[in-house]
Amino acid sequence: MEARYVFRAEIRLEPNQPSVRLDPSTAETTVTVFHEAPEPETEGWLFFRDTLWRGEVSDAAYGRGLIEEWLEQPVESVSFRELQVDQEYFAAMKDAIAADLEAFNAENVSEVLSKYLGSSIRVTDKE
C-alpha cells in the first residue's frame, strides 16, 4: 500500500556564508516535493483533510511553513499537485472515510474526496 502527496514549491536559495552571494535572478527555483502519506487510520492520515481544500493548499502560510520544515529552505510559494495512490491504498482510504463520514461533515465518500482533494487524485498500479 503506497501513497504520496505531490507539491510544487518555489524556493529561495540563500548562502550560509556572508562572503557568498547569489545572482538574484537565479536565487529562486521550482522543485517538486513528494511527501509519503500515512496509511489510512494511522497517525497523520488525515493530512488531506487538515491541509487541503478542493485540491488546493487551504492556508498558504501554513503550506509554505510545512515545505520549509521538510526542506529546511525558505519557500516563496507552494501548490498542491496531486495525491498519488495505488489501488490498495485508495480502497483503504475510501473505507476509512466511509466509516466516519461525520468527521468530514459529508454524506458520502465521493463528497469527501471532492471537498478536500478536488480532482487531484491519481490512482496508479503497483510496479
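**Glu28 and Arg12**

I looked up Glu28 and found its side chain in a salt bridge with Arg12, at 2.4 Å from N to O. I take a salt bridge as a side-chain nitrogen of Lys or Arg within 4 Å of a carboxyl oxygen of Asp or Glu. The pair joins distant parts of the chain, 16 residues apart: Glu28 sits in strand S2 (residues 28–36) and Arg12 in strand S1 (residues 3–12). Strands (E, at least two residues) and helices (H or I, at least four) are DSSP runs, numbered from the N terminus.

I note that this is a predicted model, where local features need pLDDT of at least 70, side-chain atom pairs count only at pLDDT 80 or more, and totals for chains, interfaces and linings use all residues. Residues are numbered from 1 along each chain as its sequence is written, and side-chain values use heavy atoms, with hydrogens and water left out.

I then checked accessibility. Glu28 is partly exposed, with a relative accessible area of 33%, and Arg12 is partly exposed at 26%. The classes I use are buried under 20% relative accessible area, exposed over 50%, and partly exposed in between (1.4 Å probe, protein chains only).

**Arg12 again, with Glu76**

Arg12 has a salt bridge to Glu76 as well, with the closest N and O atoms 3.3 Å apart. Here strand S1, holding Arg12, is linked to strand S5 (residues 75–86), holding Glu76, across 64 residues of chain. I list Glu76 as partly exposed, at a relative accessible area of 36%.

**Arg122 and Glu82**

I found a salt bridge between Arg122 and Glu82, the closest N and O atoms being 3.0 Å apart. Arg122 belongs to strand S6 (residues 121–124) and Glu82 to strand S5, and the two are 40 residues apart. Arg122 is partly exposed at 38%, whereas Glu82 is buried at 17%.

My tally for the structure is four salt bridges.

**Arg49**

I moved to Arg49, which lies in helix H1 (residues 47–51). Arg49 is partly exposed, at 25% relative accessibility. Its side chain makes a polar contact of 3.0 Å with the side chain of Asp50. For a polar contact I require a pair of N or O atoms within 3.5 Å; within protein, one must be able to donate a hydrogen and the other to accept it, and residues adjacent in sequence count only if both atoms are side-chain atoms.

Setting aside neighbours within four places in sequence, I found Arg49 in contact (heavy atoms within 4.5 Å) with Ala103, Phe104 and Tyr116.
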